[in-house]
Amino acid sequence: MTDQFEPVIIGFTCNWCSYRAADLAGTARIKYPPNVRLIRLMCSGRLDPTFVLKALSEGADGVLIAGCHPGECHYLEQNYKALRRHRLMQRTLAQFGIEPERVRLTWASAAEGAKFAEDITEMVEQVRKLGPLNWPANLPTKPVPVGMVAAEIPVLSEEVA
Amino acid sequence: MTDKTQQERAGEERIGVYVCHCGSNIAGVVNVEAVAKFAAEDLKDRGVVLARDYTFMCSVAGQELIEQDIHEQGLTRVVVAACSPHLHEKTFRNVCERSGINPYLSEMASIREHVAWVHTDKAAATAKAKAIVNGAVERVLKNEPLEAIRVPIDAATLVVGGGIAGLQAALEVAEAGYDVYLIEREASLGGHMAQFDKTFPTLDCAACILTPKMAAVGSHARIHLFTWSEVEKVEGFVGNYTVTVKKKPRYVDEDVCTGCGICVEKCPVMVVDENFEAGIGYRKAIYWPFAQAVPNLPVLDPDTCTYFIGGKGGCKACEIFCPTVPNSILFDQKEERVSLKVGNIILATGWDLFNARRIPQYGYGRLANVFTSLELERMCNAAGPTSGRVVLRDGQTAPKAVGIVHCVGSRDRNYNGYCSAICCMQSLKLAHLVKERTGAEVYNFYIDIRTPGKEYDEFYLRVMDEGVHFVRGKVAEVSDVPIAPSEEGGKLYVQVEDTLAGLQRRIPVDMVVLSAGLEPRHDSAEVGKTFGIACSTNGWFIEKHAKMDPIATMTEGVFVAGCAQGPKDIPASVSQGAAAAARVLSHIRQGELALEPIRASVLEEQCSGCRICNGLCPFNAISFVAERKVSEINAALCQGCGTCVAACPAGAIQGSGFSNEQVLAQIEGLLRDVAQPVTREPVTA
Amino acid sequence: MKPKFAMYWAAACGGCEIAVLNIDEKVLDLDANFEVAFWPAAMDVKYKEVEAMEDESILVTLFNGGIRTDENEHMAKLLRRKSKLLVAFGSCANEGCIPGLANLGTRESIFDCAFDNPSTENPAHLRPQIACQVPEGVLTLPPLQAVVRTLDQVVEVDYHVPGCPPESHQIAAVLDVLIAVVKGEAELPPKGAVLGAGDTSVCDECPRSRDVKHIDKLSRIQELPVLDTEVCLLEQGLMCSGPATRSGCNSRCPNVGAPCIGCYGAAPGVLDQGARLMAAIASVIDAKEPEAIDRVLDGLPDPAGTFYRFSLAHSLLRANRAALAEQE
Amino acid sequence: MKALFYPGCSMQRNARPYLDSLLAIRADIGLELQEIDDWNCCGATEYMSVHRVAAHSLIGRNLALAQAQAVDTDVLTAGCSACFLNLSKTDTQMREDAKLNGTVNEALAAGGLHYDAGSLKVRHLLDLVCHDIGYDAVKARVVKPLYGLKVAAYYGCQVVRPDYDGRWDSHEHPTAMDTLLRALGAEVVDWSLKTQCCGGHMSVIGPEVAFGLIRRLIHGAAEAGADMVVTLCPMCQLNLDAYQVEMNKHFHTDYRVPVLYFTQLMGLAFGKSAKELGIGKEFVDATPALAKIQAEAPKVAEAKRRRRPKPGDGLPMPRME
């Protein structure tokens, strides 16, 4: 491996479509970068935003959410809930300074091994470009004086006072 | 339930980790020894007491290895890093069960499909495999012992659709001695097959092979027939469905009518039959769908009946001439609703013909002598509107040249991307019939000829030998306008690129037949919703597994058969009907069914009754208990998707098998190698 | 000798102090059973005097406010050392509260907002300094830390009393428990327990009628032509945090037609209150197409501030990335 | 409604009646046109295949000028099919192809111009009239309905294809102009050739090919019983009208099917004078056809009582939904 940044991405897949798409990519020996680590859920509707925040705060550089195509959900329409949560999450995450490319929602049917592999490849490249997220929430905080060096203590002049 | 106690428990757990080589499938890319070593050493503080790598974990020897360790090493939980859980999860759960641990205290880490087969960099693949094993170890620590849910199975079966697939399914179940309710939307059984003249490749007369089955179903003591009826509502779950059937008024007393047909004869109204005759024949306002209809009862169409149109006055010829006592004509008949209890459901709702008007450049509906394949089927049928003569729209002239256009609406990204599976053979059959009956020159315009059935290709060769022309190319347009003065008027010109000859051709013909594709029923989405199953993007019902389970659906106890699941020919529809029946019979014979215990449940003391979850369940498993102001989940209805678990604002819904604790732990495990060190909670065994 | 009691006010508004005084005559019970060792808002005790106390000599300290400055951190650590029981008192100490919302920006942006906005007259663009020379000597201010942290992110905390501020009847109940323990009439609750709150969510106490939810529009209260006094506020399109907020306040705000803003924090066992709200609200949006979903979401101009109004500093992400990056 | 207007060269010369009639009716339908200042040739159909970047830049200049002049509308319209297609093509391809976008804007920058792809909505005039102004608004202005006039609506190949922005109901058999002409009171015949090629520039480079194509259209319209062909494109009008005589000579036929613009028929129905609308400048005289216009709506034969079909009636035609 070269010195280039290798992002770590957590992928949430649904049991019926995207996880099987990943299985199919394997069976078909389609190659994609090893940066995504998958978690199986029963449905993209199970995707709790907590999982995404947890992954990001635990050191993941990105999160991939993959469900069945709209209208194809094995639980009829639960992937629309994932879609809504994703739209809302993106708005919220933007306020935390997290780029939208880091949390990607994609659809992959059980037959779309190649498409899923392409999605992963594309996302890995996008996140690689963004650089490490390295969420520092858990670092001990240390105060930094704002706007001054301790040596230059200003004198409060009479006029201003 | 604080984290602490969980952690303490984790300390007491004894986890065994098994890393499979899968021959060289995994070991060729992943350093399996290193993964096992990682688990044994680095995950010791997470409760791992032993880790082994082995050539084939799924082999008998591999399974025995785990059993032995459970007995001798006192393992309490097991992680197998091997292939996809979709293949062997059950195998290793059984191993656990045999050895006395709850089967759900095992976990698989997919390092073949998700690692070895998709990556080439060995170091990176091994690192990823370690992370996945780490995730599985963290997850298995949070697994709870679960028990399968057992439900009794009602032996009665619902079959929806009286086409060939539904007929076969109904007969199989009834012959086994169980009650079947067969629901058919039309007035007679038979489906599309009843409309055909001959069937490929044997050229059997469709009616001759179909009607005996219709009669057998119609007279079977175990089969309760509901024609001119639709399923309105389905409640309950596998083994215990309550189905509401809407019986549309047929305005004929089913119990009294003898089917003598005098009413039909006397009815003065004649209208185009858009349904059975595909728009090229006529029927009366009171009519039989077709001669061999089962049940042998006419149906009255109030939209065309003079009595109904005239605001219930006049005519009444049918009633006047009806010879039965009491009179069989019931002008006041109303819609009825019947409630049925069934244990399993087979959906065989069939297909709709692609609407050829959607391709205006082929001229259907504008150019008189452009026909659909179904129109030609009716024309070829001896019982059809032309008594089996193949003629132009004038009803007289036999065509001298006929063009048959394949793939109309199929394999076309403007309409349907899929192959309709039957059109090639149907077109060959129609080419043969046209040639046989008219001696016309017949041109088949095809993209590819697909003849993968038994004796299908032989039939193709036979039709070629009969002198039918084959032009490979997608037809650009069918026009009635000559391009040059040399072209004679009154013809249809088929403009096509002949891709074998490398030429643009304009072939003048008298008749064009559009071999229209199969489409899902126009209301398949609503029907799917009624039965709790999903449709693919194309609209066909989705089977549980495209290869390994093309009969079952995601909803336990609901099966699909025939074209409702995707385009297929008659033999495949019959097979699938029979297969669905076999699946149902297996359920019935088991008496009760064990369901995967992946279910959501409400922690009542934490539920505040906010009702956010109430509208989220497509299976109506969530209800609100007004007295206690809490929501409740019916475990038998719940399919385990977990949407409500994720949505509960108070965290009061738990999902067994995929709990928050399990997923969060798995995230931690997967990220252990990159996480900030301060977040690690040391757990020492 | 009576056991010692302390109360301290860190990065907070002072409302918690008022709430304690608001328990009326109950405060006499406090005085009867405890010796007040340190309570800057009520009496004059110098930090030096606290430092001189023996470790664990104070039985209980109610600590309100988050950790925003070095001084806050210093006092948190000091009081932890001096107290047997340290109680995170009120929303700020527990989850950062409104001051924690500043974590969505950097210190620089906080100063810009406070000292350089159109409503502030500050032509010289003066900024507070941590030290300043005046004729009498050097004046200092405690340095602002990169982000607001909660008390339990800095020191170990024994008990949590949520609320902004904690409801007076709940404070009284907590004091009763403490007094009972002092008198030997009761056991201490298990360490880490949440005191003075319920264990379901605000909806449990809310008298409004509720139904299945389908949100096709989110409005702010002033945008609603009529507010139904009987029906669930969320069903009327108001962003009410009640379903995801711990009970205990007797649904004060919804009772009077104001949506719950979430001050009692997440429901029991919930890791991240904002995530729960996001999941719940998004789930019941009545739209399928991305554009239609967005139209509904446009009614929520500040999602992070809405969902994490009180709990931001204690959430999984805690703060904006740029603010966190200023940590060392 | 307001729109920026790119007239193009044809409308200035051979298609002058198109422009005149448009200007005559614009107030009636509330169309405010703002001609782009200093516009240049669109490069017609050929330039694109000679030099792609130069062609796009040539068109890009017009788009850039339009964008700069767009104050209270972002709609840019053209009456000529080739002009419309070129503007639409460049806009779309610049939007989709970042490299092309860069190159074209680099070229434009030399002239101090810039175009933000996608900032304008490029729309054909017929599209505006049918879909924005609407049939009802048109119908409301009709004072002299074109009763008794049978017309063949001819769209040509460039407006409905490739239809970058999805404006048309069908790319083979569109119906927008049919509906518009019916709103004017005319009877619209059904024919198969609505979007077939008129020959384009083949009339100059390979007349025999063009004559064949022209004959097909004229013959088709005549066969369908049309009194005239109605078009929306200067090139189509030129080929079918000006070359009809040549075509007749070539095939020894004597077709006389006049070819007018839809704007001219709108003008007639709105009560404008033929002169004002440029009628009379066509090669094949439209006067005999226009003489068929009646004051009264032709009596539609009363719907025949549905009688029972008899043997020999023939097979029913499929219903068209």
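# Chains, cores and backbone angles in a predicted model

Chain D has 321 residues, and a compact globule of that length would have a radius of gyration near 20 Å; the value for chain D is 21 Å, which agrees. This radius is taken over C-alpha atoms, and the globule rule is 2.2 Å times the number of residues to the power 0.38.

The model is predicted: local features need pLDDT of at least 70, side-chain atom pairs count only at pLDDT 80 or more, and totals for chains, interfaces and linings use all residues. Residues are numbered from 1 along each chain as its sequence is written, while chains are lettered from A and ligands numbered from 1 in the order in which they are written.

## Chains D and C

Chain D holds 14 helices and eight strands. Both are DSSP runs numbered from the N terminus: helices are H or I with at least four residues, strands E with at least two. Along the principal axes, the C-alpha atoms of chain D fill a box of roughly 75 × 45 × 40 Å. In chain D, 48% of the 321 residues are buried. Buried means 20 or more other C-beta atoms within 10 Å, exposed 12 or fewer, partly exposed in between, with C-beta atoms placed from the backbone. Of the contacts in chain D with a separation of 6 or more, 81% join residues 24 or more positions apart. A contact needs C-beta atoms, placed from the backbone, within 7 Å.

Chain C has 13 helices and nine strands. For its 328 residues the globule rule gives a radius of gyration near 20 Å; chain C has 22 Å, which agrees. Its C-alpha trace spans about 65 × 60 × 30 Å along the principal axes. Buried residues make up 48% of chain C.

## Cores

The largest nonpolar core has 373 residues, and B:V17, B:A81 and C:F63 touch the most other members. Such a core joins buried Ala, Val, Leu, Ile, Met, Phe, Trp, Tyr and Cys residues through C-beta atoms within 7 Å. Helix 6 (residues 122–142) of chain B gives this core its largest share, 10 residues. A second, separate core of 97 residues includes D:A15, D:C42, D:A210 and D:Y243.

What does C:F63 touch, not counting residues up to four places away in sequence? Its partners include C:Y8, C:A10, C:A76 and C:L151.

## Helices and an interface

In chain D, helix 4 (residues 52–69) packs against helix 5 (residues 81–96) at an angle of about 95°, with axes 9 Å apart. The two are therefore roughly perpendicular, a label for 65 to 115 degrees. Helix 4 brings D:H56, D:I59, D:G60, D:N62 and D:L63 to this meeting; the residues from helix 5 include D:L87 and D:T90.

Helix 3 of chain A is mostly covered, with 13 of its 18 residues buried. Just after this helix, A:G97 takes a positive phi of about 80°.

Chain A puts 45 residues in contact with 50 residues of chain B. Helix 1 of chain A supplies six residues, the largest share of the chain A side.

## Backbone angles

Most residues other than glycine have a negative phi, and most peptide bonds are trans. The table gives some exceptions.

| Site | Angle | Loop |
|---|---|---|
| B:V294 to B:P295, cis | omega about 0° | B:P295: between strand 15 and strand 16 of chain B |
| C:C164 to C:P165, cis | omega near -15° | C:P165: between strand 9 and helix 8 of chain C |
| D:D163 | phi about 55° | between strand 5 and helix 8 of chain D |

Is C:S251 buried or exposed? C:S251 is buried, because 21 other C-beta atoms lie within 10 Å. D:D163 has 15 C-beta neighbours inside 10 Å, so D:D163 counts as partly exposed.

Definitions and conventions
Contact = placed C-beta atoms within 7 Å. Axes fitted to C-alpha atoms, helices over the stretch in contact; angles between N-to-C directions. Parallel < 35°, antiparallel > 145°, perpendicular 65-115°, else oblique.
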